[in-house]
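Subject: Structure handover

Hello,

Here is the structure for you to look through. My notes follow below.

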Amino acid sequence: MTKISVLLALLLLAIPASAQVPLNDLVRIVKAEDARAYDTALEALITTRNAPIQMRAALAAGRIGNDAAIPVLTSLLAGDPSADVRAMAAFALGEIESIKGAEAVLKALSDSDVPAVIRARAVEAAGKIAAANAKDPKVSELRKAIIDTLEAEHSKGDNNDRDVILQGITAALRARPDRTDIVVARFLTHPEVRIRADAGNTLSRVRARNANTALRSILEKDTDGPTRANAARALGAADDKGAHDLLLDAAMGDVDARVRISAIRSLAALNEARAVATLIERGETLLAAHKRSKHRRPAEEGELLELASAIGRLLPDTRHQKASAFLDGLRIAVGFSAPEAEIALASVSPEDYAASFNAKNNGYGDPRIASAYAQGMAQIASTKDDLFRARSGERLTAFVSGMAKGVRPADQPKMTQAMPDLMKAMAAFKPDNLDEMLRGLLTNEDLFIRAAAAELLGDRPNTGANYDALKMAASRAAITDMFYDDAQLAIMNAMFKLDKKESLGVVLMALNAQNYVVRRRAFELLRQVDVKEAPGVPSFVESA
């Protein structure tokens, strides 16, 4: 099936039979959406008096993201007789994320008679617009409207609306208004399980410290696994050391793996070594089960890797024998291919780790192993022991150099997958020839290697040689990578980071890139600089 026919099939399935959009109109809408082209034809469909067509066209306008659609969407939100159409208009305004849509959203939220389906989408839009325009003065009004909406729903008691609350909690997470922690915490005891879970998630993300008692009660007593998991996360984010024992109990014995994993992560965040013995004991039990399993990826593996990460964080540079033995056993069990196990052992016993790896682990035949090893070595690069760091850097260099002869010709294509992580590890050790090495890799045939090299050069000094190499790489990527964005984005970002003014020409050229993501990133970068002083640039940007 062609791209358009696949899209049509999916869209037709998603629309109820009684509300289907006529095929000819649907084709026009999908083509406009696919081309990211907002025009008078699409606007005419938004203003037609056929509700299904209006909704689908408004959705397309939101996805296209052109703020030229804001006036017609504003009109739709304010005056269309259909609540569903008005809700879609609000949603589309949020998708566009322009501050120009703020007034219409605020007006909808200020009207107490607006149906709940519209208020839910309006508060969602408020969160998106506020997050995308954090420095605009209008955002303070959007943030206040989000909090007011949540407080109004809470005051309704049993008559509150589930969707308005859920969208309001998410909007608060995006916009981070004042009193988010206080207002969202009120919904931890809501009878609707999804609301409790989302409230816990938001409190963990804003690192709230005012709801620990309620969160402990949820972790201990709530019947819903995701809700308990979010409570465990929030307690760790709040650095609630008083919840240590409760978290340890959950990490060891909760029936839901999601809760156990969240509790393990929170124990690592609390940074109290008294949890280590129990975590290792749990790890040894799971590792034994892992070894007995006949599955390629045993169910215990994810939890084992979380335990490894926690142990690595709790016992840095201690050479703890029992922890090292467990971590080494885990590395063997997973075939040296898990970064979590490599990083953990490199953290606990850096000298042992640096001396233990060799090509016999199939590091020259499996990119996952080489990549995991690189991430383990990068952990060592932060050591304050200059002599040890230098020796470790030499070992990593020897491994990378050995790839020229050690990697079989048949394995060379797949082994390039490990190069970005190996490059980042090499850069972490800051060898004297780092810039020269990265400039050389900018000419590699593999676009992911070029992307990694550009990203790393963006963090290096702005020497003429570095910038010129990026400029040449940008010209090449514009020709050879038209349908791939990784290298183009990384190179443009690096040049902009090194010299905003000098990179303006490359960013402006990217406005005409074949790839939509590259064009969008160019616009985002141009918003960060004053282009008014550059002759002809404002009109060029407006035209683009």
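Contact here means heavy atoms within 4.5 Å. Helices (H or I, at least four residues) are DSSP runs, numbered from the N terminus. This is a predicted model: local features need pLDDT of at least 70, side-chain atom pairs count only at pLDDT 80 or more, and totals for chains, interfaces and linings use all residues. Residues are numbered from 1 along each chain as its sequence is written, and side-chain values use heavy atoms, with hydrogens and water left out.

Start with helix H19, residues 321–333. Its end C-alpha atoms are 18 Å apart. Buried means under 20% relative accessible area (1.4 Å probe, protein chains only). Buried residues in H19 include Ala323, Phe326, Leu327 and Leu330. Their cover includes helices H17 (276–292), H18 (301–314), H20 (339–348) and H21 (350–356). Just after H19, Gly335 has a positive phi of about 70°.

Ser324 sits in H19. Ser324 counts as buried because its relative accessibility is 12%. Beyond four places in sequence, Ser324 touches Arg319, Leu345, Val348 and Ser349.

Now the cores. A nonpolar core is a set of buried Ala, Val, Leu, Ile, Met, Phe, Trp, Tyr and Cys residues joined through side-chain atoms within 4.5 Å. The largest has 161 residues; Leu330 and Met423 are among those touching the most other members. Helix H6 (residues 83–96) gives the most to this core, 9 residues. A second, separate core has 13 residues, including Phe496 and Leu525.

Best wishes

Notes: Helix = DSSP H or I, 4+ residues; strand = E, 2+ residues; numbered from the N terminus. Buried < 20%, exposed > 50% of the residue type's maximum accessible area, 1.4 Å probe, protein only. Expected span 1.5 Å × (residues − 1).
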